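I opened this model to look up a few things.

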Amino acid sequence: MIDLSIIITYYNKENISKLIKFFSNNQYENVEVIIIDDHSDIPLEIENINYIRNNKNMGIGYVRQQALGLAKGKYITFVDADDMVMDNYILEILFMNSVII
């Protein structure tokens, strides 16, 4: 069972490498990370993360709805591609929602 879905929408932002590195090290089986690339100029190369690249640019509203349709988590959070998150980001969200790891 997936307790938390973390959704990252992406379009031509350079700062996403830190987020990819952070979430690639996700050690929680009950947490999924989904990155949806809204047809950036250069596709990302990602391992250990659910990565979807759209065939054409659809806009942020469509991409977020697309991600919501894919998410399996009881709880869902959005992180923008240029955001920074604290080391305990996942634990804090799970704790706030009283999800036992």
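My entries follow, topic by topic.

**Entry 1: the sheet.** I am working from a predicted model. I looked up the strand order first. Four strands make an open sheet, and the order reads E3-E2-E1-E4. The pairing is parallel. Which strands stand at the edges? I found E3 (50-53) and E4 (75-80) there. Each has a single partner strand, so one side of each has no neighbour in the sheet. I also noted the twist, which averages 20° from one strand to the next.

**Entry 2: E2 and E3.** E2 covers residues 31-37 and pairs with E3 in the parallel sense. How many bridges join E2 and E3? I noted four bridges. Across this pair, Ile34 stands opposite Asn50 in E3.

**Entry 3: a charged pair.** I looked for salt bridges next. The structure holds two. I followed up one of them, between the side chains of Asp37 and Arg53, at 3.7 Å from N to O. The pair links distant parts of the chain, 16 residues apart. Asp37 is in strand E2 and Arg53 is in strand E3.

**Entry 4: helices on the sheet.** I checked which strands each helix crosses. H1 (residues 16-24) lies across E1 (4-10), E2 and E4. Its direction is at about 160° to E1. H2 (residues 60-70) lies across E1, E2, E3 and E4. H2 runs at about 150° to E2.

**Entry 5: the largest pocket.** I looked up its volume and found about 150 Å³ of space. What lines the largest pocket? I listed Phe22, Asn25, Asn26, Gln27, Tyr28, Asp87, Tyr89, Ile90 and Leu91. By type, the lining has five nonpolar residues, three polar and one charged. Helix H3 (residues 89-96) gives the most to this lining, with three residues.

Notes. Residues are numbered from 1 along each chain as its sequence is written. This is a predicted model: local features need pLDDT of at least 70, side-chain atom pairs count only at pLDDT 80 or more; totals for chains, interfaces and linings use all residues. Side-chain values use heavy atoms; hydrogens and water are left out. Two strands pair if DSSP finds at least two bridges between them. Helices (H or I, at least four residues) and strands (E, at least two) are DSSP runs, numbered from the N terminus. Axes are lines fitted to C-alpha atoms, for helices over the stretch in contact, and angles run from 0 to 180 degrees between N-to-C directions. Contact means heavy atoms within 4.5 Å. On a 1 Å grid over the protein atoms alone, a cavity is a set of points where a 1.4 Å probe fits but cannot get out, and a pocket is an open set with protein on both sides within 12 Å along at least five of seven lines; lining residues have an atom within 4 Å of a point. Grid points are joined across faces, edges and corners, and a volume is the space filled by probe spheres set on the points. Ala, Val, Leu, Ile, Met, Phe, Trp, Tyr, Cys and Pro count as nonpolar, Asp, Glu, Lys and Arg as charged, and the others, Gly among them, as polar. A salt bridge is a side-chain nitrogen of Lys or Arg within 4 Å of a carboxyl oxygen of Asp or Glu.
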